[in-house]
Amino acid sequence: ECCAGATERDLVSQAIALFRERWAQKSRDPRKLKWSDAETLTNAELIVDGQLTYAALILFGTRAALGRWLAQAEVVFEYRSSNASGPAADREDYREGFFAWQDAMWEKINLRNDKQSYQDGLFRMDLLTFDEVPVREALLNAIAHRDYRLGGSVFVRQYPQRLEIVSPG
């Protein structure tokens, strides 16, 4: 759906560039790297009939643009060292397009990504509590599949042994 009034000035160019780089890499098509922001948005069907879509704002929007057109497109990260109620030990709000914060979110989660160990025959093996690929997939799913008609934020709550991602709708 198009967002009447939104323009390319409402998008973070560096986020579009990151998307373009990853798209070129994934598709093994280096020609995509030469596209302008407008060409990237058009080819990704994020500009329709000359207008930006809400999807473009969700992926690449500035803080001001999301505040104006999609205030509910916010992700709140909390780290909680226990199940006790009260304020989180760490909290950060992200209100920009997905590509502007998704790497920072993984880095924040990975800061407290403790190793767990298990016995495999004679050997003790270590592995991280949170694996990057499924965490990124869960974050993307929370953003892509939430109901933007509903108020409320996406919440990412990290505990020492589990990660909860709650998305409206």
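Me: How much space lies in the largest cavity?
Reply: The model is predicted. One cavity of 30 Å³ or more is found in the structure. The space in the largest cavity comes to about 70 Å³.

Me: Which residues lie nearest the centre of that largest cavity?
Reply: The lining of the largest cavity has 13 residues. Ten of them are nonpolar, three are charged and none is polar. Nearest the centre are I58, A73, E96, I143 and Y148.

Me: What is the volume of the largest pocket?
Reply: A pocket is an open set of points, whereas a cavity is one the probe cannot get out of. Residues lining the largest pocket include R22, L59 and F98. Its volume is about 190 Å³.

Me: Which helix gives the most to the lining of the largest pocket?
Reply: The lining consists of R22, L59, F98, F99, Q102, V133, R136, E137 and L140. With four residues, the most comes from α6.

Me: How many residues in the lining of the largest pocket are charged?
Reply: Asp, Glu, Lys and Arg count as charged. The lining also holds five nonpolar residues and one polar residue. Its charged residues number three.

Me: How far does α6 reach from its first C-alpha to its last?
Reply: Helix α6 has 13 residues. At 1.5 Å a residue, 18 Å is expected, and the reach is close to that. From first C-alpha to last, α6 spans 18 Å.

Me: Which residues of α6 are buried, and what arc do they cover?
Reply: Residues three or four places apart in an α-helix point the same way, because there are 3.6 residues a turn. The buried residues of α6 are V135, L139, A142 and I143. They are on the same side of α6, because around the axis they cover an arc of only 100 degrees.

Me: Which exposed residues sit on the face of α6 turned away from its buried side?
Reply: Exposed means over 50% relative accessible area. The buried side of α6 packs against α3 (54-60), β3 (75-79), α5, β7 (154-158) and β8 (163-166). The face turned away carries V133 and A144.

Me: Is F19 buried or exposed?
Reply: F19 has its place in helix α1 (residues 13-27). Beyond its neighbours within four places in sequence, F19 is in contact with T40, A44, F60 and F99. Its relative accessible area is 16%. The cut-off for burial is under 20%, so F19 is buried.

Me: What is the relative accessible area of K108?
Reply: K108 lies in helix α5. Not counting residues up to four places away in sequence, K108 touches F77, D90, E92, Y94 and Q158. K108 is buried, with a relative accessible area of 13%.

Me: What pattern does the protein follow along the sequence?
Reply: The protein holds six helices and eight strands. Its C-alpha atoms fill a box of roughly 60 × 40 × 25 Å along the principal axes. Read along the sequence, the pattern is α-α-β-β-α-α-β-β-α-β-β-α-β-β.

Me: What share of the residues in the protein is buried?
Reply: A residue counts as buried under 20% relative accessible area. The protein has 169 residues. The buried share is 39%.

Conventions:
Residues numbered from 1 in each chain as written. Predicted model: local features only at pLDDT ≥ 70, side-chain atom pairs only at ≥ 80, totals over all residues. Heavy atoms only, no water. 1 Å grid on protein atoms, 1.4 Å probe; cavity = no way out; pocket = protein on both sides within 12 Å on 5 of 7 lines; lining within 4 Å. Points joined across faces, edges and corners; volume = space filled by probe spheres on them. Helix = DSSP H or I, 4+ residues; strand = E, 2+ residues; numbered from the N terminus. Expected span 1.5 Å × (residues − 1). Buried < 20%, exposed > 50% of the residue type's maximum accessible area, 1.4 Å probe, protein only. Arc of directions from axis to C-beta. Contact = heavy atoms within 4.5 Å.
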